[in-house]
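Walk through this structure with me, one element at a time.

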Amino acid sequence: MDKAFTEFLEFYPAFRETRQLDALRESEYSRLDAQKHIYLDYTGGGLYADSQLRDHITLLRENVFGNPHSSNPTSLAMTNLVEKARQAVLEFFHAPPDEYVVIFTPNASGGLKLVGESYPFGADDHYLLTFDNHNSVNGIREFARSRGAKTTYVPLELPDMRVDKAKLAEYFKLARPGGNNLFAYPAQSNFSGVQHPLEWIEQARDMGWDVLLDGAAFVPTNRLDLSEWKPNFVPISFYKMFGYPTGVGCLLARKDSLTKLHRPWFAGGTITVASVQGDKYYLAEDEVAFEDGTLNYLSLPAIEIGLKHLRKIGIETIHERVCSLSGWLLNNLMVLHHSNGKPLIRFYGPLSSNRRGGTITMNFYDPHGQFFDHRQIEAEANKVMISLRTGCFCNPGGGELALGLSQTELIGCFTKPQDRLTLDDFRLCIDGKSSGAVRISVGLVSNFADVYQFVQFAKGFIDKNAKV
Ligand SMILES: Cc1ncc(COP(=O)(O)O)c(C=O)c1O
């Protein structure tokens, strides 16, 4: 491995500037190496530093906190920290406080649901979204549909799985003048790692769209500067950024866009006044109207701690490390061939590290061109403590395109008589095609040994036959 590392450094000299992360891994994430984990699922979830836990627990142990939004001392102490966490999020994303608010949610999906259920879709309105989207973004189409709005998917182009610029400009023309038009896309794909242009935000807004930018897979390793980019809504999950706590995300929303949303109900905490006999309620202003019930308040100070941790390292340093490691991974995986010259791996997404993140999705093929079932790859990876992810990663549009599943075929599968389609039924239906892929992703404390060992693992499939 030493020789490979020397060559790696020659090829990626900027990696040296990220060496503080190797020291950090030793001091703060030592459990990874002590337990011999090769963690390659940062797109699934980030990892936390020991100090994040320590700082959070110390805070909880040394203080008495009550339910916020009351006026007693324990409540005020908590309210103070909740508002500090909100402030820290705005600062981290350089979001001007007079333009953006932070709505705390259970996760990115919670933020997406808030937009979906409250966006004033009506007949002839439009929901436009890329094929490449997480299911929690796809699911908004059900809100649009139930209110008579049209949903349109923007296709991706193979092999890179990006969107054609000229075609997108045509789709943008679908906005109904004066109507409610919502355009949703991920800043980074959780399927292919593609980073879709942030320039689309302004283009779409100029054409009459409100923009929902899914930041969940992008923000853990890239700078999103909301003083520069002005999407209407950005949902994220904090565990993807710094591992702890789970159960908290947020929706960053433009204040002027919130006024457009109509909440379908009211709840504890979201109103100024509600009456039983008067049969009326008044929603609170800004973020308060969107935070249903009691927040996960004891966890919120851990958000500020996590953001401070990232800030201390520097998001640019994390970005550099992820680019170097994923570039090396791609270069060293794509050269793997069987003895008969057939390639071992088929990738789904761009093969260069340009405009892509540290998520790499692929399938393994044997010398006869038969794919290895992704479940088999996962089972083998588990044996050597490699944590990777398989399936379609809740991104069916990306998966269907990558795996060559046509609309006719899929409509056929979804009109089967049974009420529910299990994954096994689905596999049978798309007979002979892979129903999923293998995804690896690098992040905050990935090191060269992680990616080197994955390449060694992949080499183990050379000249092996897949089970049919
Ligand atoms: C791009 C993207 N959007 C949304 C989500 C949903 O995040 P959560 O499950 O935390 O709500 C994910 C999760 O993997 C994601 O990768």
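Predicted model: local features only at pLDDT ≥ 70, side-chain atom pairs only at ≥ 80, totals over all residues.

Strands β2 and β8 pair in the antiparallel sense, over 6 bridges.

How much of β2 is buried? The strand is mostly covered, with 6 of its 6 residues buried. In a regular strand the side chains alternate between the two faces of the sheet. Tyr100, Val102 and Phe104 point one way. Val101, Ile103 and Thr105 point the other way. Both sets are buried.

Now move to helix α5, residues 73-92.

Which residues of α5 are buried? They are Ser75, Met78, Thr79, Leu81, Val82, Ala85, Arg86, Ala88, Val89, Leu90 and Phe92. An α-helix has 3.6 residues a turn, so residues three or four places apart point the same way. Look for that spacing in steps such as Met78, Val82, Ala85 and Val89, all of them buried. Arg86 is also on the buried list.

What covers these residues? The cover includes the strands β2 (100-105) and β8 (249-254), the pair we began with. It also includes the helices α4 (50-62), α11 (238-242), α13 (301-313) and α14 (315-333). After α5 comes His94, whose phi is positive, near 50°.

Two of those covering helices lead on to the cavity. α11 and α14 each supply at least two residues of the lining of the largest cavity. The largest share, 3 residues, comes from α11. The count is 1 cavity of 30 Å³ or more. About 150 Å³ of space lies in the largest cavity. Its lining has 19 residues, and Tyr42, Pro220, Thr221, Lys240 and Val442 lie nearest its centre. What is the lining made of? By class it has 11 nonpolar, 7 polar and 1 charged residues.

Next, the backbone. The peptide bond from Tyr244 to Pro245 is cis, with omega near 5°. Another cis peptide bond joins Leu158 and Pro159, where omega is about 0°. Pro159 lies in the loop between β4 (150-154) and α9 (165-172).

Two further loop residues deserve a look for their phi. Met385 has a positive phi of about 65°, although it is not a glycine. Its place is in the loop between α15 (374-383) and β13 (386-387). Is Met385 buried, exposed or partly exposed? Its relative accessibility is 34%, so Met385 counts as partly exposed. Buried would need a value under 20%, and exposed a value over 50%.

Cys394 also has a positive phi, about 60°, and is not a glycine. Cys394 is found in the loop between β14 (389-391) and α16 (396-402). At 43% relative accessibility, Cys394 counts as partly exposed too.

Terms used:
Residues numbered from 1 in each chain as written. Heavy atoms only, no water. Helix = DSSP H or I, 4+ residues; strand = E, 2+ residues; numbered from the N terminus. Expected span 1.5 Å × (residues − 1). Buried < 20%, exposed > 50% of the residue type's maximum accessible area, 1.4 Å probe, protein only. Contact = heavy atoms within 4.5 Å. 1 Å grid on protein atoms, 1.4 Å probe; cavity = no way out; pocket = protein on both sides within 12 Å on 5 of 7 lines; lining within 4 Å. Points joined across faces, edges and corners; volume = space filled by probe spheres on them. Nonpolar A, V, L, I, M, F, W, Y, C, P; charged D, E, K, R; others polar. Pairing = 2+ DSSP bridges.
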